[in-house]
Amino acid sequence: MEKSPAACAMDWSIQLEKSLRSQKPGKSIEALEEIGRRLEWWNSESELRFAEYCMFRLIPGEDKLFLNAIFLRLADAFRLGNKQIKNGVVKLFLRMKKRKKRNGEGILSKGKLENYLELLIRVKEVFDKGDAEERALALLLFGCWAYFSKDCADIRYIILSSLVSGDVLEVKAALFAAGCLSELSDDFANVFLEILTVIVSSPEISRDLKLAGGRAFSKLWCSFLLAEKAYKTGLKLLMDSSEDGFSALMLTSLSKIASRWMLLLPTQIELLAVFLSEERSLHMQATSLRCHRFFLARGVCDFPSTTDTVNKLFGILHRSESQPPVQLEALRILHKILLFNLSIIHCAEIPDLFLKLLVVVKSMLQSNIVSTRVLAIRVLADLSGKVLGREDIVSGGNGPALASQVISFVLDQILLLVTPEVDIHQPDFSVELEVKSLLMIDKVMDTGKTGLSNHEATEFGSHGKLVVESKLMLCVLKIVVVCLQNLEQTDAETSQVLDELKHRAENVCQCHSFNSYISMSYCLLLHLHSAFICMWRTAEELMSHHRNSSLFSLDSILQLDIFGLDCAKKMLGRNSYWCSYKAGRNAACQGAWSTAAFIFEQLKGVVHSASCSCWLKSLVQFSTAEKNIQLFAFPEQGTSIAHSEGNSDVTVGIVLTGNYYNYMEILLRACDALRSAEEILAASGIGHMFSFQRWFLALRAKALETVVDVMKLLDTISFTQDGTGSGGQLDRRILLPGAISQTLGPLIHSSMEVSCRMTKLARELDFLLASFMGMDRQSVTSVSALALSCSLVAFTTGFAFLVPNLHSSENYRISKSHNSVEPFHALLIEDLVGRLRHKDRETRKNLLFLLKSFGNNKGCFLPRFQNRVSYASYEAVVLHKLCEYSVGEIFRLQNDANRVQLCDDAASQILYNVLYTSVAVDSDSPFGPQFFRVR
């Protein structure tokens with residue numbers, strides 16, 4: 001363990017003594033520089049505790065003894081040495097003062113330096129006997145030692161008397177020393193203020209002394225009464241001054257005084273705004289901007305006159321005569337102020353404010369300095385995300401217009417940067433940096449909240465061949481993926497855009513100018529596009545009451561999987577293992593589980609680290625499980641879409657094939673693989689680093705196991721063409737109204753048990769989200785969508801076979817304990833309603849109507865943590881459509897008073913459609929990158 005400065009003090013003292021006595025030229029100066037660095041280190045350390053004394057075998061007080069010895073040697077060197085030595089000692093302590101501890105006196109306190117009087121005596125001797133330069137050095141040293149010199153009357157007198165000396169150098173040193181003492185002693189500061197006012201106001205004083213006096217005003221803040229008095233005096237001197245140099249210095253000093261006392265801040269900020277006006281000189285405008293920056297750096301962002309300050313900052317940015325550094329400073333300050341205040345500015349003022357900002361950014365982009373252009377873009381990115389994150393902006397209708405303006409501006413700028421004239425063989429780093437910064441704007445804006453289509457993103461994608469470097473293709477891809485994930489509708493325009501997007505992505509995949517990683521990335525984009533189309537059409541088929549004229553073919557997904565595997569083989573063949581891992585991670589995050597499983601399987605045998613091997617083995621199991629689930633989602637070609645025009649009880653959906661055992665076998669294999677992945681991580685020896693992964697895998701396995709139980713329930717009541725159930729247990733045709741409770745009792749209890757487990761899983765997924773705050777948007781969406789899926793399956797299972805007029809019976813409560821009196825089905829409604837968005841009004845209305853049929857629903861809707869799927873994404877939209885379908889069909893069946901065949905085709909079909917579609921959405925949805933982050 002490295003020794004602390006206190007433990008080294010004895011050696012340092014001895015070395016200093018030897019070096020100061022050395023006759024070797026320059027040795028003394030080197031020793032002073034060395035001891036200066038050591039004392040700065042010591043001054044930054046905290047006090048030694050008893051345990052540390054024991055550890056370093058120090059006697060309590062030993063460190064103070066040698067510290068005093070070091071200071072006495074330095075004082076003697078100052079007293080006896082030549083002017084070079086004296087200057088070295090003073091510089092040493094000036095550096096220490098500049099880097100002093102903010103929350104304490106450090107090693108310069110009286111408690112540490114018990115012989116401080118001896119130090120002052122030695123320095124006073126130099127002041128009494130020396131020339132003007134030596135007296136100035138002694139005064140500087142008195143100022144550096146203000147912690148213990150402030151209480152010495154002789155030193156006070158020396159400093160105050162030196163203020164009226166005829167030597168300029170001595171007066172400037174006295175001003176410094178007096179300022180240092182004024183920070184610690186209120187009574188001294190009041191005397192100093194009176195003398196300082198006379199000095200600065202004197203017309204005969206030199207300019208150097210006047211500036212030094214103005215600088216000393218910043219030290220007069222020890223008490224509020226002193227600070228207020230000094231502020232008023234300094235303000236009068238500022239207003240009476242006609243010299244920019246002195247006025248700028250006084251403006252800075254007044255800002256430092258005001259920064260110490262909040263009561264003075266409003267006045268000072270208003271004063272700074274005055275000096276931002278066009279009538280003031282550029283020097284004063286620049287000084288005012290620096291003072292604004294000083295306040296912002298200290299955390300003062302809530303300016304009392306925000307609107308006035310912002311308008312004047314825009315004025316500086318619009319003025320052509322403003323110097324570039326001044327405009328850059330104004331932009332930084334505007335960024336900080338708006339970033340803090342945009343959440344409280346009235347929404348009616350936002351469009352005009354944003355229009356001004358766009359004009360400013362366009363102007364800044366004309367600069368020849370890359371850093372200026374990049375800063376302007378990043379300011380626009382930050383403020384765009386802040387504005388479009390406000391609910392009132394989105395709900396008020398301004399969000400889409402603002403976002404469209406910004407995105408159009410961004411894409412226009414990118415297209416200007418990637419013009420054909422740029423030599424594609426000479427990648428321009430500055431162009432790449434600017435394009436990446438522009439693309440940041442699209443990344444920070446939640447396009448789902450603004451209701452944007454993807455037309456702009458596809459417009460840029462059509463110019464992809466003009467991009468100067470392959471890295472930019474990946475940046476473009478990230479934005480296109482975000483836009484695709486945020487689609488909420490598929491109208492004619494969006495379909496045209498999607499077709500164009502697919503065409504452009506195919507061109508990239510077929511282009512030989514790009515490497516396998518980029519081809520793979522765009523192949524995954526096509527996979528995401530195909531999955532979106534497939535899920536959306538599935539949802540439309542459920543919601544419509546007529547069969548679509550054409551069915552979506554799965555051939556494109558299969559072809560994309562084959563192409564993705566070819567790209568993976570090429571990367572692995574070139575030993576590009578890191579690129580291959582990133583491609584596998586991206587494939588998993590975009591639902592291409594076959595490609596991900598292949599890549600992770602190949603990488604598993606390449607790594608040498610035990611922890612990496614466990615990680616890849618678990619990824620293999622995980623991706624294999626999800627690949628198996630996709631087999632459930634895309635069964636054999638014989639699966640068809642059914643529609644019975646003559647029977648209103650039979651809903652549109654996937655025909656019950658009766659082949660449940662094949663599906664259950666697929667899902668059970670997936671459960672085993674998920675559990676195996678969790679066990680591998682648990683046995684890795686660093687399982688604590690995979691806490692999120694293990695928890696998620698366990699919940700995913702439980703959810704699939706519960707889905708299998710729902711399928712067993714469906715298999716129990718399924719029937720063949722001759723009316724015999726596959727399990728041979730129930731025949732729907734023998735159910736009579738009088739025998740309902742005896743025959744359906746076990747069935748209803750089983751459905752309630754499965755629903756209860758699904759509801760608990762949904763709430764445990766909520767708890768998972770609450771336990772890992774700060775997750776990325778896509779991960780939050782994925783887990784929230786899975787929780788909504790569990791809640792929907794629980795609701796549908798619980799209500800599909802619900803016997804009317806029997807649900808209020810005590811037999812159908814979640815628990816028979818005295819502490820739980822909430823009807824179980826009311827709890828299902830509560831959980832689902834809490835997860836729906838506010839715009840799902842019809843679905844919420846039907847759910848609340850169903851709730852009224854429960855006589856005793858007091859206690860429902862008690863405060864419980866639930867995570868509403870607030871982020872717009874196509875998987876969330878499909879799930880909400882599925883909720884609308886399930887709730888609407890169950891509402892229709894529950895309202896059918898004449899219905900006595902309760903386990904008929906309709907109920908089973910509804911549950912199967914919901915089960916099938918929810919599993920398909922969960923398996924094909926983009927997966928959050930949180931799974932690939934370890935603690």
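## Exercises on a predicted helical model

Ser28 is buried, with a relative accessible area of 13%. The model is a predicted one. Work through the exercises with the structure open.

**Exercise 1. Describe how α15 meets α16.**

Step 1. Two packed helices are described by the angle between their axes and the distance between the axes.

Step 2. Read them off. Helix α15 covers residues 265-274 and helix α16 covers residues 282-297. Their axes come within 9 Å and cross at roughly 145°.

Step 3. The crossing of α15 and α16 is left-handed.

Step 4. Name the contact residues. α15 supplies Leu265, Gln268, Leu272 and Ala273. α16 supplies Ser288, Cys291, His292 and Phe295.

Step 5. Sort them by class. This contact has five nonpolar, three polar and no charged residues.

**Exercise 2. Work out the relative direction of α30 and α31.**

Step 1. Get the geometry. Helix α30 (residues 577-589) packs on helix α31 (residues 593-604) at an angle of about 150°, with the axes 8 Å apart.

Step 2. Apply the cut-off. Angles over 145 degrees count as roughly antiparallel. Therefore α30 and α31 are roughly antiparallel to each other.

Step 3. α30 and α31 make a left-handed crossing.

Step 4. Name the residues that meet. From α30 come Tyr577, Ser580, Tyr581, Ala583, Gly584, Arg585, Ala587 and Ala588. From α31 come Trp593, Thr595, Ala596, Ile599, Phe600 and Leu603.

Step 5. Sort them by class. The contact of α30 with α31 has 10 nonpolar, three polar and one charged residues.

**Exercise 3. Find the buried residues of α12 and the helices they pack against.**

Step 1. List the buried positions. In α12, residues 207-216, these are Leu209, Leu211, Ala212, Gly213, Gly214 and Ala216.

Step 2. Find the partners. The buried residues of α12 pack against α10 (168-182), α11 (186-201) and α14.

**Exercise 4. Identify the largest nonpolar core and follow Phe622 within the chain.**

Step 1. Start with the whole chain. It has 40 helices and two strands. Of its 935 residues, 54% count as buried.

Step 2. Take the largest nonpolar core. This core has 111 residues. Phe622, Phe696, Phe795, Phe931 and Phe932 have the most contacts inside it.

Step 3. Trace Phe622. Apart from neighbours within four places in sequence, Phe622 contacts Trp593, Leu674, Ala677, Phe696, Leu697, Phe927 and Phe931.

Step 4. Look for another core. A second, separate core has 100 residues, including Leu48, Val90, Ala189 and Leu237.

Conventions: Residues are numbered from 1 along each chain as its sequence is written. This is a predicted model: local features need pLDDT of at least 70, side-chain atom pairs count only at pLDDT 80 or more; totals for chains, interfaces and linings use all residues. Side-chain values use heavy atoms; hydrogens and water are left out. Axes are lines fitted to C-alpha atoms, for helices over the stretch in contact, and angles run from 0 to 180 degrees between N-to-C directions. Helices (H or I, at least four residues) and strands (E, at least two) are DSSP runs, numbered from the N terminus. A crossing is left-handed if the near helix is turned anticlockwise from the far one by less than a right angle, and right-handed if clockwise. Contact means heavy atoms within 4.5 Å. Ala, Val, Leu, Ile, Met, Phe, Trp, Tyr, Cys and Pro count as nonpolar, Asp, Glu, Lys and Arg as charged, and the others, Gly among them, as polar. Angles under 35 degrees count as roughly parallel, over 145 as roughly antiparallel, 65 to 115 as roughly perpendicular and the rest as oblique. A nonpolar core is a set of buried Ala, Val, Leu, Ile, Met, Phe, Trp, Tyr and Cys residues joined through side-chain atoms within 4.5 Å. Buried means under 20% relative accessible area, exposed over 50%, partly exposed in between (1.4 Å probe, protein chains only).
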